[in-house]
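Work through these exercises with the model open. Each task is followed by its solution.

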Amino acid sequence: MKAVVQRVSSSSVKVDGKLIGSIGKGYNVLLGVEPNDTKEHADVLAAKIAKLRIFEDEQGKMNLSVLDVDGEILAISQFTLCADIKKGNRPSFTTAAAPQMANELYEYFQQQLLANGVRKVEHGEFGADMKVEINNDGPVTILMDTSLWVK
């Protein structure tokens, strides 16, 4: 599982011009699911993201998590994070999980964020053409890959 975590002052997602998810201060998380990912990957990633300390404390150090600042998360499925660009200039997406499996793990991941104490988790619409507005704060952007923690 791969994720791009962006610290945001706000973020929202629209489908067909209709607002379907919106948050204030927190994280915008773009999530890519690969064929070998399991619930264990989602468990580890959700816990890591909930505890990730990228908000500033009183001394200006990135020392606070989304939990510490009572922040929110907007989770967006993004199969393009799994693109294979080893050959040529056109990405291949054969390294992304099949849609049904990917959606199940995407939904499970959202549940695990809540289980890890995140107060509010909004989401996009799996497989839809989404328009995502991200007001990156900092900017602070962290790349995460569960292959670092789960074998």
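Contact means heavy atoms within 4.5 Å. This is a predicted model, in which local features need pLDDT of at least 70, side-chain atom pairs count only at pLDDT 80 or more, and totals for chains, interfaces and linings use all residues. Residues are numbered from 1 along each chain as its sequence is written, and side-chain values use heavy atoms, without hydrogens and water.

**Exercise 1. Find what covers the buried residues of H1.**

Step 1. Helices (H or I, at least four residues) and strands (E, at least two) are DSSP runs, numbered from the N terminus. H1 covers 39-51.

Step 2. Buried means under 20% relative accessible area, exposed over 50%, partly exposed in between (1.4 Å probe, protein chains only). In H1, the buried residues are His41, Ala42, Leu45, Ala46, Ala47, Ile49 and Ala50.

Step 3. Their cover includes E1, E3, strand E5 (62-65), E6, H2 and E8.

**Exercise 2. List the contacts of Phe109 beyond its neighbours within four places in sequence.**

Phe109 is in contact with Val29, Leu31, Ala42, Leu45, Ala46, Ile49 and Ala75.

**Exercise 3. Classify the aromatic pair of Tyr106 and Phe126.**

Step 1. Rings of Phe, Tyr and Trp (its six-membered ring) pair if their centres lie within 6.5 Å; planes under 30 degrees apart count as stacked, over 60 as edge-to-face and the rest as tilted.

Step 2. The centres of Tyr106 and Phe126 are 6.2 Å apart, with 40° between the planes, and the pair is tilted.

Step 3. Tyr106 sits in helix H2, and Phe126 in the loop between strand E7 (120-123) and E8, 20 residues apart.

Step 4. Tyr106 is buried at 2% relative accessible area. Phe126 is partly exposed at 29%.
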